[in-house]
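Try each task before you read its solution.

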Number of protein chains: 2
Amino acid sequence: MAKKKIGKQTIQFIDPPSIISTTSIVGPKEGKGPLSQYFDIILDDDLYGEDSWEKAESKMVKEAVKLAAMQKKLHLEDIDYLFAGDLLNQLMSSSFAARDLRIPYFGLFGACSTMAESLSLAAIMIEGGFADYVVATTSSHFSSAERQFRFPLELGNQRPLTSQWTVTGAGAAILAPTEEKGPYITRITTGRVIDYGIKDANNMGAAMAPAAVDTIKAYFQDTGESPNDFDLIVTGDLGRIGNEIAIDLLRKEGMPINKTLKDCGVEIFDHAKQDTHAGGSGCGCSAVVFCGYLYKLLKKDIFKKILLVSTGALLSPTSIQQGESIPSIAHAVAIEGQLKG
Amino acid sequence: MAKKKIGKQTIQFIDPPSIISTTSIVGPKEGKGPLSQYFDIILDDDLYGEDSWEKAESKMVKEAVKLAAMQKKLHLEDIDYLFAGDLLNQLMSSSFAARDLRIPYFGLFGACSTMAESLSLAAIMIEGGFADYVVATTSSHFSSAERQFRFPLELGNQRPLTSQWTVTGAGAAILAPTEEKGPYITRITTGRVIDYGIKDANNMGAAMAPAAVDTIKAYFQDTGESPNDFDLIVTGDLGRIGNEIAIDLLRKEGMPINKTLKDCGVEIFDHAKQDTHAGGSGCGCSAVVFCGYLYKLLKKDIFKKILLVSTGALLSPTSIQQGESIPSIAHAVAIEGQLKG
């Protein structure tokens, strides 16, 4: 068996890559939410000086990567690889950002699981000795996603209470070898596609919850750890409904996780005041919650060990029109502030 | 510098991963082309028993992976990771195949460069000691691509002579550590996004040619090798027009490559008889030309060393509507039948 693989789905890094720098950029609504103080840049206009939402989203990616590099006095040429992805068809946001950044580029698609997917592959590049610096980044934008996946905003459609609000934001994280200070990525669990037959594109939390549970279960089976080893297990963006379903499913699997199971989509908005229904979603959601809030609390040693489980609903408007259910996926990344021993 | 990196963009594998098995499945038109004898399965109906082209494309991916595994008597559970991507919005073809295959899944998007992208990342997983078996697969389908990127087929639109014909096909390759027999992936060069300002979505060859040249140049600069070291340098799918531009640009760069520079999009169809204008394209194009034709000739020692340079035009209908030019990318994978020494 491959020497770094433990169990069926998990890689344990012998030399855990360090996350040396992160940047988070969010839109105006996210900037009024409960995590406001943790974001590096809050836009006051979600067009960000561009003439379309898609281009604004792409600019967020570009600026997030540049700022993450600047914080460590790195030039863009110092970065070996860019792993990026977003929700837009053909990754318009990532591809156009990559054009301007000129870093060798791997485009990824995992819907809202993409932040954990990009962190996983970036960590593999570093730990395998293939690169010195790798950047992992993802983005989403409420207005570009809404018109692509649902309705033109101009229609003013009502949204069902199970629906989630796509986060406007981009997060970027730069990884380097163990020699750098933490936090460190110590393990990753790569998800399988899970589909319990949910067909309602306005209830993605319900579709994604079983995928989150499958990956969390795999992580604990593969590693022999228990939820008590973590300060926080945080799913990507199940939202309030998906979060409840996940807690319920985990209990049925004999894995009662209550207090430590949070969700990026629940944390980012104030449910009572911000009218975001089931909570936040989008690739940018777990990206900015991780690169903003979680990373900073790991740095300050307030969190010692977290499990980030970004979740993605792999539906397309075409698959929904063809009567298909929603395949979902979740990838887990274990991040620790300090290395033991 | 990372120990396996040479130059700016190239990784040299210390223990080159072996490609132990490939499968290629193509549609009826590809099955009438000049490479017909090399494909494992030729469909007589491009719906493949499904009720939509998208589902037919997804079935090709699934069957290609299953057959590639079967050839080496592997069960799907033996495969550690699936790297897959396609042209459809939100990777409908790959995501639904991954749902049925149940292999831990990384979704990729690099347009028609995806086969080289998936081979690159699969090789990294194997050589880094992260996995024992990894499958790399991509697909495209003329009818699903045409209605997504251009016009409903029912309109019977005329196609300009610069346009390319999306290949209906899927290729899958299984990689394992060096101990297995060749061919081997010895080096990879990861592309940057290049954009020379071409805005004509019906002339993707012209848009992609500079990206192919950029990556080929990087490969030879990084490695110190010369085109004479190769039996064949084969671009993904520049088509006839892009191929001519690439030869011209390479000559201007002081790198005259003539006889050894071929293109998967040119090779797969009979230009005179099959009415495919500038040639084939689509993720499936370099996938089936590699997994069918090239792999078999490497196995038979007719080719000793090739450079596969899959090229992707990263446009989306939205980016074209917004007046953007076409960003392109190319990834190179050096494949050798035998290892020296």
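Some ground rules come first, then the exercises.

This is a predicted model, where local features need pLDDT of at least 70, side-chain atom pairs count only at pLDDT 80 or more, and totals for chains, interfaces and linings use all residues. Residues are numbered from 1 along each chain as its sequence is written, chains are lettered from A and ligands numbered from 1 in the order in which they are written, and side-chain values use heavy atoms, leaving out hydrogens and water.

**Exercise 1.** Find out how many residues of helix 3 of chain A are buried, and what they pack against.

*Solution.* Step one: buried means under 20% relative accessible area, with a 1.4 Å probe and protein chains only. Helices (H or I, at least four residues) and strands (E, at least two) are DSSP runs, numbered from the N terminus. Step two: 9 of the 10 residues of helix 3 (92-101) are buried, so the helix is largely enclosed by the rest of the structure. Among them are A:Phe96 and A:Leu101. Step three: they pack against helix 2, strand 5, strand 6 and strand 7 of chain A, together with helix 11 of chain B.

**Exercise 2.** Is B:Arg187 buried or exposed? Which side chain does its own side chain join in a polar contact?

*Solution.* B:Arg187 lies in strand 10 of chain B. Its relative accessibility is 14%, so B:Arg187 counts as buried. Its side chain joins that of B:Gln12 at 2.5 Å. A polar contact is a pair of N or O atoms within 3.5 Å; within protein, one must be able to donate a hydrogen and the other to accept it, and residues adjacent in sequence count only if both atoms are side-chain atoms.

**Exercise 3.** Which backbone oxygen does the side chain of A:His277 reach?

*Solution.* Locate A:His277 in the loop between helix 9 and strand 13 of chain A. A:His277 is buried, at 15%. Its side chain reaches the backbone oxygen of A:Arg159 at 3.3 Å.

Conventions
Buried means under 20% relative accessible area, exposed over 50%, partly exposed in between (1.4 Å probe, protein chains only). Contact means heavy atoms within 4.5 Å.
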